[in-house]
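Okay, thanks for coming, everyone. I'd like to talk about salt bridges today, so let me put the model up.

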Number of protein chains: 2
Amino acid sequence: MNKDIFMELLSKGEFKAVRAILNVMNAVDIASLLQELEGRELAQAFRLIPKEKAAEVFANMSNTLQADLINLFTENELKDILNDMFLDDTVDLLEDLPANVVTRILASISPEKRRQVNLLLNYPEDSAGSIMTIEYVDLRRWMTVAQAMAHIRKVGIHKETIYTCYVLDARRLIGIVTAKDLMTAEDDTKIEELMETEIISVQTHDDKEQVAQLFSKYDFLALPVLDGDGMMVGIVTVDDAMDVVVDEATEDMTLMAAINPSEDTYFETSVFQHAKNRIPWLLVLMLTAAITGTIITRYEEAFAAIPILVAFIPMLMDTGGNCGSQSSTLIIRGIALGEIEFKDLFRAMWKEFRVSLIVGMILSVANGLRILIMYRDTSLAFVIALSLMFTVTLAKLIGCILPLLAKKVRLDPAIMASPLITTLVDTCSILIYFRIATTIFHLSA
Amino acid sequence: MNKDIFMELLSKGEFKAVRAILNVMNAVDIASLLQELEGRELAQAFRLIPKEKAAEVFANMSNTLQADLINLFTENELKDILNDMFLDDTVDLLEDLPANVVTRILASISPEKRRQVNLLLNYPEDSAGSIMTIEYVDLRRWMTVAQAMAHIRKVGIHKETIYTCYVLDARRLIGIVTAKDLMTAEDDTKIEELMETEIISVQTHDDKEQVAQLFSKYDFLALPVLDGDGMMVGIVTVDDAMDVVVDEATEDMTLMAAINPSEDTYFETSVFQHAKNRIPWLLVLMLTAAITGTIITRYEEAFAAIPILVAFIPMLMDTGGNCGSQSSTLIIRGIALGEIEFKDLFRAMWKEFRVSLIVGMILSVANGLRILIMYRDTSLAFVIALSLMFTVTLAKLIGCILPLLAKKVRLDPAIMASPLITTLVDTCSILIYFRIATTIFHLSA
């Protein structure tokens, strides 16, 4: 839908046409179409959305727009929207809105729903509980397929998914039946004959990243969430798992580039906020790099005697940093995907050690030859080759050890990425380099 | 299921127990349980899997194990498995197996399925066509809900999903009906009254990453794929979209760390292959860094006169590199998520410029103060602060421009990440630094 045409119709008061457009459009697209409206026009356009779609449109809007709209709503409109929204969307809404708006919302929903919302709001931020919904279809073992279908027809409209149904016995989950099973079975088949009893489930406090991994491993559409006593409390659906996968990858990449992650997109984040997210790590890393500088001053006499030594500092630093970030990236991603654990530390180190021998050898030979050809100095070529060899090995080992150690002490392994590794490896490589150089050229440090 | 117990039961010939275990286990878990078996034991265990689960187990195995099993299968066993496998899994299988095994498989499937497989194999590697399946439920507009349900009962078992049904008119897609619509509608409702006609679809040659983005944007369970003439040829399901999201994030991170991506996990990849994936970029970057070294030699007299200048090289290089990789990471991820496009180039540059002013200012002041306190040298503090300011601004601009340029010329933006940016920024920052230093200290270059 063309935004300009839509705006024009709206401002000209062609409400019939606007309504017709909103009628055929997807809720997600309507949400982004309304994104640039405000005030009276926004409220007007929103009121033209077909009632059955309004809650979904609202759930897909940005927080700013949601807050604006809530201020424009009458009490009844607010009640209607909140009534039609899925519980997990309501919780998402509350988590990001200013406190005064939250109060108004909590006052507008029924006591029962308020109790449920408060329960969901209390789960830790990264837990399965925080992304689950408590709206699922529950069946009983003694039902027939026909009874189950009738039950779904009655309660299904308000459930986030009806494609996976849960067979409960006094709140305990005893089986799973898919809509496919129901649709392809005979009407008088008993649910207990149909249900799958080998159940894969998660706990409310499980890490949401691990929950998302289960979805990509088993190709589920929904996963049941149990509380500490093994009672069923809700489900996580595949669309929420997909969001987790995308968000976690973004967060890891951001953290790996020494930036404090933000939930907003690049352009949504203000210049000041961007600076604030980036400065802390830059300052820490800058001061750490100053240590490397201090080490260099200790070897002032060495490069006063052989100035060409200084020329190889950038190459050694860059290569060390790159080797380290290669290893740390592979390990960090492996940890995130559940492929590498702390117990694999020595296995990973042994692998990185062998890789670094091959890599170090080839880089040393390439660089040694270049130096021999350019400077015709065998000792210099040897010093550089040897320094490279040590730097590469050290960089790869540091790059593999630190993320796994971080995981062990419950830090995010993504912190131990390129920038930090680079700074650490720099210090070591400069130290190694000048040690080797002073020894071979018989210089005093 | 405990692996050791399973092995013991298998080797003792307790086939009844083994079969009972395999009967209740999830296909994905069986596949990973069998992962460590080989030869006669592998074939034996596989034959004990309930027939309706065998194809799914097989589809979830590693390529090595699949190839082993195919060699152990009789012609009939192979035919049965291939017959029960979804078409997209068969295609995945063929893409990764050695040629002789592929020939045997193609000979075992029906001419019709062979034709379809060949068609799917011909889609470009990263296209929607390469991840789609042609097995979907098609309905007609004149059907009633009861007729549609009967149709699904008849054909549904062999379809990858029955939850989204497609209403076709002479192969042209005219509407979409969900299983939820069917289950909650009256039996005699006509499909054309029920169907959604505002359809979001993709083309066979669309990039699979963009297709995956549609899933996370609209929360679909399946998306229809049309050919160039607008005829329906298949569907992409949410589980495949989830795999694309995970794989693309891994590929981007790997590429961003200057490694050629591999499809295998960290430990599955051999030491030699790891080295091979990492060396090319290291060599290129090492030789580029050598240019920075050559620049330094031109300023030999400068640091012979003021040796302390050398001590600030690591700090400037690291900070420049970190600033550049912060910007490039945010831009690269923004491009991957469809939030930033080439047309946003100037908007992004303007944003980065303002961010770099704040960041540069704070880093310069912090460092200037440190130098004033440590060395009590105002000129030196000024030189370093000014160099930092220029380096930060340049780094952030390079980090924002290069990924967008890469996108424009259809390279993967992820190449323009930390390592390459760092090396480029290094060269510039050293040049800036010595220019400023020689000017302020009145040294000859």
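Predicted model: local features only at pLDDT ≥ 70, side-chain atom pairs only at ≥ 80, totals over all residues.

Where do the two partners sit? B:Lys208 is in helix H15 of chain B, residues 208-218, while B:Asp126 is in the loop between helix H10 (111-121) and helix H11 (128-131), so this pair ties together parts that are 82 residues apart in sequence. Buried or exposed, what about B:Lys208? That one counts as buried, at 17% relative accessibility.

Staying in chain B, have a look at B:Arg171 and B:Asp227. Here too the side chains form a salt bridge, at 3.7 Å from N to O. This pair links distant parts of the chain, 56 residues apart. B:Arg171 belongs to the loop between strand E2 (164-169) and strand E3 (172-178), and B:Asp227 to the loop between strand E5 (222-226) and strand E6 (232-237).

Over to chain A. A:Asp138 and A:Arg140 pair up through their side chains, again as a salt bridge with 3.7 Å from N to O. A:Asp138 is partly exposed with a relative accessible area of 23%, and A:Arg140 is partly exposed as well, at 30%. Also in chain A, there's a network of salt bridges that links A:Lys343, A:Asp344 and A:Arg347.

How many salt bridges are there over all chains? A search of the whole structure turns up 26, and the ones I've shown are among them.

Last thing, the two chains. Chain B can be laid on chain A with an RMSD of 0.1 Å, using a turn of 180 degrees and a shift of 0.0 Å along the axis. So the two copies are related as by a two-fold rotation axis. The same surface serves both copies, too: 100% of the contact residues of chain B recur in chain A.

That's it from me; happy to rotate the model if anyone wants another look.

Conventions: Residues numbered from 1 in each chain as written. Chains lettered and ligands numbered in written order. Heavy atoms only, no water. Least-squares fit on C-alpha atoms with pLDDT ≥ 70 in both. Contact = heavy atoms within 4.5 Å. Salt bridge = Lys/Arg side-chain N within 4 Å of Asp/Glu carboxyl O. Buried < 20%, exposed > 50% of the residue type's maximum accessible area, 1.4 Å probe, protein only. Helix = DSSP H or I, 4+ residues; strand = E, 2+ residues; numbered from the N terminus.
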